[in-house]
Amino acid sequence: METVYFKGNECHTCGNLPSVGSTAPDFSLVTPELKEVGLSDFPGKKIVLNIFPSLDTPVCATSVRRFNEKAAGKKDAVVLCVSVDLPFAAGRFCTLEGLKDVIPASAFRSPEFARSYGVELVDGPLKGLLTRAVVIIDADRKVIYRELVDEITGEPDYDAALGML
């Protein structure tokens, strides 16, 4: 269990982010086309998991836009933007925003993702949603970067994360 804050109020996660050097847990997430994707769908690529509560909040929407902008042209990497938003809503957001360099990936059918990555909020006003975090997995499926954003309303460190690509 890790401690994060929502507008200064303490909240807790269901576990811990995978540690750097550990093997990334496999996952099954759902794209807007209702296709399930997991680690094996991106052979030879680094995977950036941009994890957040919901695209219906300004900071989450900003994080998706920023990763889209900064990931453009990174041919050996893929950015999955992960929340429990329905895949249709995430797809609509990316389409309306013209975002083509990230993949919206919903965990709405996969409570295992939230538990194995330790990102489900277990208390506080956002209980049941995912906390804000970034995990980067290399082509050998090892975790090479992890960031649990202390204040959920804050943004991740884009430069530190993308410096790993």
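Me: Why is cysteine 60 called buried?
Reply: Its relative accessible area is 1%. Buried means under 20%, exposed over 50%, and partly exposed in between, with a 1.4 Å probe and protein chains only. Cysteine 60 is at 1%, so it counts as buried. This is a predicted model: local features need pLDDT of at least 70, side-chain atom pairs count only at pLDDT 80 or more, and totals for chains, interfaces and linings use all residues. Residues are numbered from 1 along each chain as its sequence is written, and side-chain values use heavy atoms, without hydrogens and water.

Me: How do you know that cysteine 60 is in no disulfide?
Reply: A disulfide is a pair of cysteine sulfur atoms within 2.5 Å. For cysteine 60 the nearest cysteine sulfur belongs to cysteine 81, 10 Å away.

Me: What about cysteine 11: buried or exposed?
Reply: Buried, with a relative accessible area of 1%. Cysteine 11 is in no disulfide either; the nearest cysteine sulfur, from cysteine 14, is 13 Å away. The disulfide count is zero.

Me: Why does serine 110 count as buried?
Reply: Its relative accessibility is 4%, which is under the limit, so serine 110 is buried. Serine 110 sits in the loop between β7 (103–106) and α3 (111–116).

Me: What does the side chain of serine 110 reach?
Reply: The backbone oxygen of serine 28, at 3.2 Å.

How values were computed. Helix = DSSP H or I, 4+ residues; strand = E, 2+ residues; numbered from the N terminus. Polar contact = N/O pair within 3.5 Å; in protein donor to acceptor, adjacent residues only side chain to side chain.
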